[in-house]
Every structure is written in structure tokens, then in C-alpha cells.
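Dear colleague,

Please find the structure below. My notes on it follow directly after.

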Amino acid sequence: MEVINTIGRRKSAVARIYVSEGKGNITINKRELKEYFPAETLQYIAMQPLNLLEIVEKYDVKANLDGGGPKGQAEAFRLALTRALMEIDPESRAQLKAAGFVTRDPREVERKKPGQPKARKRFQFSKR
């Protein structure tokens, strides 16, 4: 099996991953998964596709994560990993889609408008 290269995005986070056959080593920005995502919830989010298909120790994953915060990066990693697993085994798509991992979350931060303190919040209105 050759190396599979996919990309995943969430908010402003971008994950570029390279999946190859191996022993289950996951390296993110030249650091271990547990070191890069110290919170167990983020580790869980990142590993969801592998845990669902029960192939945790079958593939090695190298990832470059950029932009966004920790949660956005974990979800971008999950999407990229899902896309790679679907490329490796197209039959796994139904399982991954049922779990909701295939769809890219389109929600982005709304831009700040001029004359307002935030995107939708207005300055206090004074009648007199």
C-alpha cells in the first residue's frame, strides 16, 4: 500500500495527513498524539474513525496541523483521517457516514462589521 494523502478543514484549522500501513503510530507536527492533544476529549475526537472501524493498530498517521484552536484542529484531523480511510476501503464509507464523520462542518466565524463592536452586537442605543 502506498502512502495516502488527504486534507481536512474545520473553522480556520487545516489538517494534512499521510496514512501508511504500520503499527498505529500517530505523529502530529513531529509530536506524539498524546503530547499534541493532552486533553483526553481531543484525543478521543481525533481517534474516532479508527476506533469505529476497529483498526487502531493497523495504520501509521503523520499529520501537519495548522491554524485554528485545539478543538478545530482535532475535528479537522478527524475529517482528514476519515477521507483517508474511505480512500483505503470504500466499503467503510457507510459506517463513517452514519457516525457523521464524512460531512465537513461548514460553520465559520462571522466577520466583524464596521460601526459595531462584534459581528452582530450593536453599541448601546441612546434615545436622548
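The crossing of α2 and α3 is right-handed; a crossing is called right-handed if the near helix is turned clockwise from the far one by less than a right angle, and left-handed if anticlockwise. Please note that this is a predicted model, in which local features need pLDDT of at least 70 and side-chain atom pairs count only at pLDDT 80 or more, while totals for chains, interfaces and linings use all residues. Residues are numbered from 1 along each chain as its sequence is written, and side-chain values use heavy atoms, with hydrogens and water left out. Helices (H or I, at least four residues) and strands (E, at least two) are DSSP runs, numbered from the N terminus.

The helix pair

The axes of α2 and α3 lie 7 Å apart, and the two helices pack at an angle of about 15°. Axes here are lines fitted to C-alpha atoms, for helices over the stretch in contact, with angles from 0 to 180 degrees between N-to-C directions. The two helices are therefore roughly parallel to each other (under 35 degrees counts as roughly parallel, over 145 as roughly antiparallel, 65 to 115 as roughly perpendicular and the rest as oblique). On the α2 side, the contact (heavy atoms within 4.5 Å) is made by Leu42, Ile45, Ala46, Gln48, Pro49, Leu50 and Leu53. From α3 come Pro70, Lys71, Ala74, Glu75, Phe77, Arg78, Leu81, Thr82 and Leu85. By class, 11 of these residues are nonpolar, two polar and three charged; Ala, Val, Leu, Ile, Met, Phe, Trp, Tyr, Cys and Pro count as nonpolar, Asp, Glu, Lys and Arg as charged, and the others, Gly among them, as polar.

The core

The largest nonpolar core holds 32 residues, and Ile17, Ile28 and Phe77 have the most contacts inside it. Such a core is a set of buried Ala, Val, Leu, Ile, Met, Phe, Trp, Tyr and Cys residues joined through side-chain atoms within 4.5 Å. Two or more residues each are given to this core by β2 (13–21), β3 (26–28), α1 (33–36), α2 (40–53), β5 (59–66) and α3 (70–88). The largest share, eight residues, comes from α3.

Phe77 lies in helix α3 and is buried, with a relative accessible area of 0% (buried means under 20%, exposed over 50% and partly exposed in between, with a 1.4 Å probe and protein chains only). Leaving out residues up to four places away in sequence, Phe77 touches Ala15, Ile17, Ile26, Ile28, Ala46, Val61, Ala63 and Leu65. With neighbours within four places in sequence set aside, the contacts of Ile17 include Ile4, Val61, Phe77, Leu81 and Ala84.

Loops and the later segment

Two residues other than glycine have a positive phi. Lys11, in the loop between β1 (4–10) and β2, has phi near 55° and is partly exposed at 45% relative accessibility. Lys30, in the loop between β3 and β4 (31–32), has phi of about 60° and is exposed at 79%.

Ala39 is in the loop between α1 and α2 and is partly exposed, at 34%. Its C-alpha atom is 9.4 Å from that of Pro70, 31 residues away along the chain.

Glu110 belongs to the segment after α4 (93–99) and is partly exposed, with a relative accessible area of 36%. Not counting residues up to four places away in sequence, Glu110 touches Ala119 and Arg120.

With kind regards
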